[in-house]
Amino acid sequence: MTTPSHVPAGVPAAAGDELTYVYAVGRDGPALRAVAPRLAGADGGPVRVIGADGLGALVSTVPADAFGESGLATQLEDLARLEAIARAHHSVIDAAFGEAPPILPMRLATVYLDDARVGAVLTRRHVHFRELLDRLENHVELGVKVYADPRAVVGTASVAATGTPAGQTPGAGAGRAYLRQRRAQQRGGRAAHRAAAEVAGRVAEVAGGVAVSRAVHRPQQGQLATHSGVNVANEAYLVPVEHADRLRQGWHALAEDEPRVSVEVTGPWAPYSFTVSAEAPEGGGNP
Amino acid sequence: MSDSLAGRMPGPPRNAAPAYGQSGSSANLADILERVLDKGVVIAGDIQINLLDIELLTIRLRLLVASVDKAKEMGIDWWEHDPSLSSRARPAHRSASPGGRREALAEENERLRAEVARLRAAGGLPEAEHTDAEHTDEDSGHGEAEAVPEGREERR
């Protein structure tokens with residue numbers, strides 16, 4: 001139903017009502033073959049392996065009406081569907097990464113007309129995919145976010161900043177006390193942000209001797225930012241798997257004595273943030 | 001929101017080895033989205049879907065702020081000032097109180113960025129790669145819901 005307008009000449013159109021969704025590429029082998037049958041794809045269907053040139057793509061068959069161009073656009077505009085597809089996509093990648101690393105995660109909604117087209121991509125790009133897999137072998141991605149929490153210090157800041165215990169200002173008038181408290185809160189907020197910025201600066205320092213690559217993400221906020229504080233830094237590091245726990249501990253230690261700052265470490269993730277050179281083999285890798 | 005969705009996820013079995021696998025089902029949606037939408041290997045599929053458009057418009061509007069209407073109620077209208085999102089973006093429109101607050105927050109954000117950069121430089125660390133630097137200034141300011149009343153108070 002959704003006929004892509006740019007089907008290359010000479011490529012036979014797919015059956016028409018089914019497409020092949022690609023989640024990840026790894027090395028074809030027993031581990032990849034073993035994990036696939038236990039996974040469910042974006043549409044709930046079974047995940048399988050398409051092998052070519054020693055590489056294996058984890059794919060599932062999806063209906064063309066939902067995963068063609070207009071179907072996908074509609075689905076991704078719908079937050080509930082977007083979440084379902086994103087989580088399913090990540091779950092396949094995460095499980096494969098857990099049991100058959102290294103794994104190259106594909107971007108969400110990488111869809112081909114049929115299995116043969118996926119095999120052709122593996123063949124065409126196998127040199128580069130292999131290089132990436134070699135580079136990412138034995139590495140994991142850790143996410144680290146630094147938050148400022150101005151509210152954590154409102155109580156103490158108002159005392160410290162005014163130099164007067166909060167209970168000893170009855171004669172000052174409610175308005176003045178209010179304004180004083182306001183100012184103290186603002187100072188507290190700024191202090192929290194300064195402290196968080198300082199911790200954020202040390203995140204990279206702590207990772208310095210261990211991480212092999214670093215990526216900066218946009219700070220999180222709004223509806224999906226579940227943390228109570230203000231996210232001032234959101235970064236990802238590519239780390240040898242054997243150092244991951246130590247680095248996690250080192251990051252957590254940064255904010256141990258700082259109540260206005262919290263550090264959240266996520267992962268290990270499949271190396272999502274460190275595969276960007278895939279599209280431009282000549283363009284060099286990550287910084 | 002995500003609670004009601006969680007039950008409907010097609011959940012693959014969790015047998016991941018501890019060293020690599022992580023919580024695929026419990027991972028934060030924002031963390032997942034920023035990876036599966038913005039990162040990962042980009043190969044040209046047969047089905048062309050412009051994730052960039054979706055990311056900029058749908059995701060940023062609908063996920064980063066609760067909804068357009070709600071956001072406007074709250075005085076959040078940054079997309080109208082974001083050159084990549086609107087032709088109406090214009091620096092002059094800053095006198096209204098939400099704009100003034102944004103400006104103040106943007107300035108604070110700028111200062112903090114400079115400070116982080118200085119600390120990084122002091123630590124001999126490489127500069128962060130800011131692929132989306134033009135958005136982050138605006139983005140960062142609006143996470144501070146609790147800063148809103150303070151900013152207004154100061155200006156009156």
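Me: Which residue stands opposite A:R214?
Reply: A:R214 faces A:Y237 in β7(A). It's a predicted model, where local features need pLDDT of at least 70, side-chain atom pairs count only at pLDDT 80 or more, and totals for chains, interfaces and linings use all residues. Residues are numbered from 1 along each chain as its sequence is written, with chains lettered from A and ligands numbered from 1 in the order in which they are written.

Me: How many bridges join β6(A) to β7?
Reply: There are 5, and the two strands run antiparallel, with β7 covering residues 230-240 of chain A. Strands here are DSSP runs of E, at least two residues, and helices are runs of H or I, at least four, numbered from the N terminus. Two strands pair if DSSP finds at least two bridges between them.

Me: What's the strand order in the sheet?
Reply: β6-β7-β5-β8 in chain A, an open sheet of 4 strands with antiparallel pairing. The edge strands, β6 (213-217) and β8 (261-269), each pair on one side only.

Me: And which strands does α9 touch?
Reply: Helix α9 (residues 244-254) of chain A packs on the sheet and touches β5, β7 and β8 of that chain. Touching means C-beta atoms, placed from the backbone, within 7 Å.

Me: Switching to chain B, how many helices and strands are there?
Reply: Chain B has 7 helices and 0 strands.

Me: How much of chain B is buried?
Reply: 32% of its 156 residues. Buried means 20 or more other C-beta atoms within 10 Å of the residue's own, with C-beta atoms placed from the backbone.

Key. A residue is buried if 20 or more other C-beta atoms lie within 10 Å of its own, exposed if 12 or fewer, and partly exposed in between; C-beta atoms are placed from the backbone. Two residues are in contact if their C-beta atoms, placed from the backbone, lie within 7 Å. Axes are lines fitted to C-alpha atoms, for helices over the stretch in contact, and angles run from 0 to 180 degrees between N-to-C directions.
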